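Here's a walk through a few helices and a couple of their residues. Have a look at the model first, then read on.

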Amino acid sequence: MVKKNNRREALLAVASVKDLMVINLLPSNRKLRYFADQPINASGVTSAHWIMWAFEDKLKRHYFELIQTMEAMSYDPVVHTRQNMVTFFEDLLEQKPEQEKNLLRLLVNKLGDNERQLAARASYLILKLLNAHPNMKFIVVKTIQELLLTKSSTKERVQYYTMITLNQIILSSKDVNTANLLLEVYFIFFKKLLKITQDNDAAEAAEAEAAGQVSDNEDEGKKKAAETAAAPKKEKKGREQKVYIGQKALRKAKEELAKKHAEEEKSMDNKLLAAILTGVNRALPFAKMEDEIMDQHVGVIFQIAHAGNFNTVVQSLVLLNHIARIRPAIADRFYRTLYDSLLDPRLDGTSKKAMYLNVLFKAMKADSDTKRVMAFIKRIMQACLQNQVEFASGALFLVSQVLALNPQLNTMLTQPEDHDNAEHTYDPLKRDPRFANAQTSCLWETALLAHHYHPSITHSVKQVFAGEQVAAISNLHNHSLAHFLDRFVFRRPKAEDSKKASAMRGQSLMQPFVASADGPDFEVGEQGARIMRGNLLSSKRVGGVIGGLDLTSKKIADLQKSDMPADEQFFLQFFQTKKERMGKRVKKSKQEGESGLADDNTGFADALGDDADGLDEDEVWKAMTSGMPRTGEGDEDGEDADDDDDDLLAALQEDEDEEDDDMAEPGSDDEDEDSADLEEDQSDDDGFPTFDDE
């Protein structure tokens, strides 16, 4: 039945036999044995044992044939059939231990399926299998490494699905070997990707150099052509070379296609690097590697932190921050890299501003060098001047937290500069923040931020100057332009449910939670300051809540300015001004409505006078004719214009009388002809009128 040519019947048969094997036949605590592997010569063996061993041998062989049939069906051209086979593989692996090695290889191979939907399905089923059997993590990772990552012919898309499957494996303190194996896989792939990137860069440089030489040769060819053109022409012998019109277009299309493929490969490389860095960040806390091996891999991570997509740079900085805590020897190099990234122009357009500010806060909080922390604060303020509002608001909150943690840093705001020693002035171009001499300079950048166009920024700067803590910012999105436009179009905020918000729907299980102002994620610093412990910020909406003031409320104009946040005072001023203007319009319309006519500068309101019941006809006529255009010049009474109008009316009347006389004379003849035609039409035999061609 399972080998039928009919696809539907074969699929139903495989599903039925699979259920029969799982529910009734296969044992749950051991694998099946062949008859030759049974203890035949043992004492106490009876004929019943022989019968059971023979049945078990037969069952094992039939089950193997079923797996072979399922393997053949897993390569069926119909996606639905392949998808069912992948589900059957995972079901058998999860339920029974028989043939688990072959089933696991078949399931892992489906990560390389040409259909993306099926590859994603295989990734989901592998993670589901690991949740049911956590002890299989090492075996699964080893199988993935052998089947997909050791082959040179593996496609980049297959590698990407493999990496996002591996970085989603949930590890614990008992999975040290699995974490070490994962790190080994990640770093081997790191080096492979970097080598490919370097080879591509070298090839592009060689092509550019060759293009330059070609252009030089073309210039020389043009000179020679000009010289030959000036010389006397000779007759060409033989057949001339033909040049087709479509050759240039074909060459241009090929170049554009190659450029498109190169961009797609570069984008896929960035995705692969991001997936690998995510996996390293999750596996490193549970791994125990030797220092020599770790030092070799750290150099690769620093190369990534200086090149590539900025989102990848942020993830590499997160990883380096974690490694710097374990290995303090690389801390200085890490802080130099982090200090240099603050002036990266790609920071303004990245989608990982919250992640970047979180790693920046953790690094500054763990740093014991006061000079270096001051240099970081100076550069953060400089970055606020050239980045968007959401970054500036989060950075000021970060600076407020750092100043509350280290009160001695407030000297940058309170003490004047010493200009006597010119050798130790602040140098913003120093590569190492320890030698920038930021401790000799004041925070002059805050003077510019105090005049920022956004009210939240100016309010936060005033709080920093006053030595107060900036209010906690749980979400950078609330300070973005998109959020402002959502508010300005009067979108009604959704009711925030505390249970749903705390559940953080749609977030990954591996995603760390944001510290809350009322939770245990705060620690009390000096002078009662509340310092964040975990992540500082988030950049996503939690539970879809917009938050803030309800702009659709009618009571908004009655609120007080002192009760409003700094970023919402603009809306309060807008609605109060609108209310005042509407009040003036209503009052004016009521005053004008008492007379029954509006005063629109036409003179009708003046024509009424004090008495609304009596109308002055002369005044009304004057108001009506005041806006009429004058065609000629005359006296004040307009007598010339009236005479012209009378002459024109008399001429028009004479023309109308003449037309009436002309139309009255031929009228009788036409009526006689019409009646004669009507009689002829009525005399036809068929009963229908006939029409002659004119």
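In H10, the buried residues are Met-294, His-297, Val-298, Val-300, Ile-301, Phe-302, Ile-304 and Ala-305; buried here means under 20% relative accessible area, exposed means over 50%, and partly exposed is in between, with a 1.4 Å probe and protein chains only. Keep in mind that this is a predicted model, where local features need pLDDT of at least 70, side-chain atom pairs count only at pLDDT 80 or more, and totals for chains, interfaces and linings use all residues. Residues are numbered from 1 along each chain as its sequence is written, and side-chain values use heavy atoms, with hydrogens and water left out.

Helices are DSSP runs (H or I, at least four residues), numbered from the N terminus. Here are two of them, with the expected span taken as 1.5 Å times one less than the number of residues:

| Helix | Number of residues | First to last C-alpha | Expected span |
|---|---|---|---|
| H1 (residues 7-25) | 19 residues | 25 Å | 27 Å |
| H10 (residues 291-305) | 15 residues | 21 Å | 21 Å |

Val-300 counts as buried because its relative accessibility is 8%. What does Val-300 touch, leaving out residues up to four places away in sequence? Its contacts are Phe-190, Lys-191 and Leu-194, a contact being heavy atoms within 4.5 Å. Val-300 and Phe-187 are 113 residues apart in sequence, yet their C-alpha atoms are 8.0 Å apart in space.

Over in H1, the buried set is Ala-10, Leu-11, Ala-13, Val-14, Ala-15, Lys-18, Met-21 and Val-22. Those buried residues pack against helix H2 (47-73) and helix H3 (79-95). At the start of H1, Asn-6 puts a side-chain oxygen within 3.0 Å of the backbone nitrogen of Arg-8.

Beyond residues up to four places away in sequence, Lys-60 touches Leu-32, Arg-33, Tyr-34, Glu-98 and Gln-99.

Last, the H4 and H5 pair. Where do these two helices meet? Leu-104, Leu-107 and Val-108 in H4 touch Ala-122, Leu-125, Ile-126 and Leu-129 in H5. By class, this contact has seven nonpolar, no polar and no charged residues; Ala, Val, Leu, Ile, Met, Phe, Trp, Tyr, Cys and Pro count as nonpolar, Asp, Glu, Lys and Arg as charged, and the others, Gly among them, as polar.

Technical notes: Polar contact = N/O pair within 3.5 Å; in protein donor to acceptor, adjacent residues only side chain to side chain.
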